[in-house]
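Could we walk through the charged side-chain contacts of this protein together?

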Amino acid sequence: QVQLVESGGGLVQPGESLRLSCAATGTIFSIYTMGWYRQAPGKQRELVATINDGGTTNYADSVKGRFTVSRDNAKNTVYLQMNSLKPEDTAVYYCYARIETVAARLNAYWGQGTQVTVSS
């Protein structure tokens, strides 16, 4: 069984920074793409940033230059460094990972979500 456990959300003022972490645990054989999505009230879930097992990254236009996604393969962990936060970044942030288990099953997994609120 695989789980994604997130941490690092909270309430910050505009212009401040936050760092989200997401650790994958369980019967993991290999982790391919990892990343972050977010969902604001009344809106659909949208991609924020992803990073594949080769280190190639992809960002939503709205966060380019402000957010940085990275991963530590030894810890099965993905991070999202968020700088220069804006009120429009307020959302529940979900960790995502595409994982192959030791039983050779390839599935997409989601974290439970962590709230990020940017407000003065």
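Predicted model: local features only at pLDDT ≥ 70, side-chain atom pairs only at ≥ 80, totals over all residues.

Q: How many salt bridges does a search of the whole structure find?
A: A pair counts when a side-chain nitrogen of Lys or Arg lies within 4 Å of a carboxyl oxygen of Asp or Glu. Searching the whole structure on that basis, the total comes to four.

Q: Is R38, which meets E46 in a salt bridge, buried or exposed?
A: The side chains of R38 and E46 meet at 2.7 Å, N to O. Buried means under 20%, and R38 has 6% relative accessibility, so R38 is buried.

Q: What is the N to O distance between K64 and D61?
A: D61 has 64% relative accessibility and therefore counts as exposed, the cut-off being over 50%. The side chain of D61 meets that of K64 in a salt bridge, with an N to O distance of 3.1 Å.

Q: How many residues apart are the partners R66 and D89?
A: Their side chains form a salt bridge at 2.8 Å, N to O. This pair links distant parts of the chain: R66 sits in the loop between β6 (57-59) and β7 (67-72), and D89 in the loop between β8 (77-82) and β9 (91-101). Both R66 and D89 are buried.

Q: Which residues are linked with R38 in a network of salt bridges?
A: R38 pairs with E46, and R66 pairs with D89. These pairs belong to one network, in which R38 is linked with E46, R66 and D89.

Conventions. Residues numbered from 1 in each chain as written. Heavy atoms only, no water. Buried < 20%, exposed > 50% of the residue type's maximum accessible area, 1.4 Å probe, protein only. Helix = DSSP H or I, 4+ residues; strand = E, 2+ residues; numbered from the N terminus.
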